[in-house]
Amino acid sequence: MKIKRRDFLKGAAGCGVLAAVGQPSLAEAKKKERLPGALGFLYDSTLCIGCQACMVGCKKANDMPVESSDLLPIWENPRDLSAKTINIIKKYEDGTGKNKDQEADGFAYVKRQCMHCTDPGCVSACPVSAMRKNPDTGVVTYNKDACIGCRYCQVACPFNIPKFEWESAFPQIVKCQLCSHLLAKGEIPGCCSSCPTGATVFGNTNELLAEAKRRRQMEPGKYYDFPVASIDSGKTFSQKAARYIPQIYGESEVGGTQVLMLAGVPFSKLGLPELPEKSYASTAESIQHTLYKGMIAPIVVLAGLYYFVNSSQKDTD
Amino acid sequence: MKCRESDFEKIPSGVSRRDFLKVCTATAVYMGLPASFGPKIAEAATAAKKRPPVIWLSGQECTGCTEALLRTSHPTLEHLILDLIALDYAETLNTGAGHQAEEYRAKSIEENKGKFILVCEGSIPVKDGGIYCKIAGKPVLEILKETAPKAAAVIAIGSCATWGGVPSAEPNPTGATPVYKILEGTGIPVINIPGCPPNGYNFLSTVLYYVTFKKLPALDDKLRPKFAYGRLIHENCERRPHFDAGRFAEQFGDEGHLNGYCLYKLGCKGPETYNNCSTLRFNDMGTWPVNTGHPCFGCSEEGVGFNIPLHTPAEVKNVTPGAVQTPINVDHGGGISPGAAALAGVVAGGILGAGAVAMKKIDQEEKKQD
Amino acid sequence: MSEAKPVGGKVFTGPFLFFLVITLIGIFFLGKRFMFGIGAVTNMNDGFPWGIWITYDVVVGTAFACGGYSMALLVYVFNNGEYHPLVRPALLASMFGYTLAGVSVFIDIGRYWHIYNVFLPWFTNFNSILLEVALCIAAYIAVLWIEFSPAFLEAKSGTKSKVNKLLIFFIALGILLPTMHQSSLGSLMILAGNKLSPLWWTPMLPLIFLISAITMGYTVVIFESTVSALGFKRRLETDILAKLSLVIPILLIIFLVIRFGDLLMRGHFGLAFSGTLQGNMFLLENILHILPLVILASATNRKNAKMLFLSACSLMLGGLLFRFNTYLIGFDPGTGWHYFPAIGEQFITYSIISAEILLYMIFVKKLPVLSSHGQARA
């Protein structure tokens, strides 16, 4: 039996519908703006002294277990973020490693934890809404009672933040939730309250952004007042301003993050990815929403398919 | 409480041989030398016909450095100046005075030309020809310039002599200048023993090292002996574990302060001050500022003590970042293992083999079907 | 048109026992996985949260299982009843492919006891591509069993059942659902963003995956028919396969034009020749796609069973590599993460493949799946 011209055209029309459905339309999704009540913190690498007090503060605040590794035979020495460590200080070192916040022959610290994106990939990815963005504070939280453990959030996070309990028969995803339980009590996150130098300052992201911009204008080597613990704590330390690189990490990366970073060496050296301004979540969602808006397209296609299958059956009968 | 007789017996007027060796061995240990160097030091200090002569000059100072030295007990000061060195001139300790003392100084310098050790305590004013500090009518600047070329080595003791100290604080009205700057370019070896005051043993060890080996101990780029100033106070501080755990005293007298937490937030300069206070301590009784509850104020560090406000947090220095921090890129393993690779290889090979067999079979089948 | 008939014969043959042993080894490791956690048997880690279980068992597995979808598309939408004999075996393979992909998902997800949360309206997240994939695959598994159900009924009653209106609906649904989730399996990796090499990351991923899946469907039908013929000592269906294989070069041209056009437009084509593992794998992947295009472009080759089988193998490997590249080889989370499947992890995958083969053997022997005209030679 040969393909009849009429049938071929019918089929081709069907394919056209399918192709139209399959064709991603790159209609610009509405850019998600930073919430007015967005909470986060500003991490200033030049003020960080690598004391790791924030790591201890974090473990204490979140009741996390210790983690030892082969890095050094000591009680607590995580190698990287893991299901037991959701906040870590890492060091960048180059050449002689003698000068702080200098790219060549220098060293610098970087604090890694959840960035609390404005448009988080993990929230977009999670099929069961276990990852949620608080509508007021924008803090990205995790609900283990919803989670099915599919780990798509790990794939979707540009910063590799969500961690999985691989060695557990009943695992969970573990990530920084900006000490939401402390925020509810009016306290500030453990890493911010324990930071001795004010390298990690808690506050409203919009205020923190203004503070980061202020620091960028500072004259290197001069003494300035830097807030400690939280931006509105009223407590300040007078410290020497360092030479900042102009970029404020998190200002626009993947649509902006609620945690902001300042540093003296390029962020790519500190292990932070170079990211576009448009979030991957919005790219994926715009494709998805174009295809499945109100399930109209799939229903139309289904109706068409029903017609084709039905008529083909009549032909054979 | 009544003091027992025996308590006083321990202070010897003449030192027994055993005690003396103990002192020399202890000195060797301070300098990081093997204990076996103790007898060698003892030999050097006593065998020489003449004890090494020392001339002690005073500039703009408070005698604090001398006072601190007086409180050393092993050896005691009298043992030091009577048995180990010949302290030929020192304004604070001279028995003679006036012309008598000045003459004896001149005589000693001439006799021991090229052999004596010159110790300078206090900064040297240079403004207006150095008129702000005169001894016997002569600016100390000139005395230093005359004496130093004849000395075997110059030891600048105390922060004033090493980098200006209190007299050099803003606006520095006398033009107080450290000794090494005045002697810059003359080729005269200078050793800096900073501190306000420096630990007496740092000074003593340096002198005995020189006497024993006839050379200067290893110095850092700021001319400080490495055995004493090689590490930050912070590195060996007894409160360091609190720092690492993020436990800080926020205010004097608060809960953290009472619990002996880290004093960093109160402005402790330990993290930027190179000295051995946290291990050697003072006054032979294990005391030093930090264990009394006061932050280190960086007296021995140039540009820190008397320069940065007392309660401004320190700029934490590390020669290299600590080994505790994990690097940016960590190898997490999870790579290919021989067993897993072999298994995958066998399966891939099996599939390809099966494919080849299938191809052959198709040939046979086709022939049969034809 | 020839009727489908059970092949019959002994179930416990040599190959059957071989695959049974592999399945049992896999079950041992499965026990380990459920008792001690995923980390106890796999090399998956926080950098590579998805390993071969997702990449092979789900993504490649369902693509290989697209035979039913592709054949349904050809037979019902393009109204080409001629290929009807190929539909039922293809449907059977699809049914197993998808069912075992579903089982794999259950093994792979960490909190499997919560799997029903996907269906709870108060938990669903309609922004999630994975939700769409999960619901579609779940629905499609059900649809496949319903579509295949006539075989059970025929086996019981011995008569050919009539296709009723309801079944037509399910056939239509059986075409819609794979269209949706096979494209979404591509969309999944859009979220990987910076972690996925630009050789594979493109907003066109859903379209490329869909075309690839349809192509794979036809390829698998050719492969399966040939292997069945050899395995069950039946006639080769070269005539019908030759006609069917004409579709493949057409689809391949569309696939390659979109693939390379997109890559050139985004300006990342140079990466292919960077000499890195990723670049070389990209080249290999495309060679495996171009080779069957070249072979099947010729009408004489299409009539040659050997050439058909060779191009089917090449394309299956190409499709497999394309998916491995997109999910694993092109995926680089940075900062020192590596992944190569551990022994236990591999065995679980092998056992799933073995289980699929075992079931296929049983079903084909006991149920009317393969068309009877093949049985002429015995």
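Predicted model: local features only at pLDDT ≥ 70, side-chain atom pairs only at ≥ 80, totals over all residues.
Local features need pLDDT of at least 70 and side-chain atom pairs count only at pLDDT 80 or more, while totals for chains, interfaces and linings use all residues. Residues are numbered from 1 along each chain as its sequence is written, and chains are lettered from A in the order in which they are written.

**View 1. Helix α7 of chain A and its buried residues.** Helices here are DSSP runs of H or I, at least four residues, and strands are runs of E, at least two, numbered from the N terminus. (The expected span is 1.5 Å times one less than the number of residues.) A:Thr205, A:Leu208, A:Leu209 and A:Ala212 are buried, with 20 or more other C-beta atoms within 10 Å of their own, placed from the backbone. They sit on the same side of α7(A), because they cover an arc of only 105° around the axis, going by the directions from the helix axis to the C-beta atoms.

**View 2. Where chain C touches chain B.** Here 26 residues of chain C are in contact with 23 of chain B, meaning C-beta atoms, placed from the backbone, within 7 Å. On the chain C side, α12(C) gives the most, with 5 residues.

**View 3. An open sheet of 4 strands.** The order is β3(A)-β4(A)-β2(A)-β10(B), with mixed pairing; strands pair if DSSP finds at least two bridges between them. β3(A) and β10(B) stand at the edges, each with a single partner strand, so one side of each lacks a neighbour in the sheet. β3(A) pairs with β4(A) in the parallel sense over 2 bridges, and A:Lys100 stands opposite A:Phe107 in β4(A).

Methods:
Buried ≥ 20, exposed ≤ 12 C-beta atoms within 10 Å, placed from the backbone. Contact = placed C-beta atoms within 7 Å.
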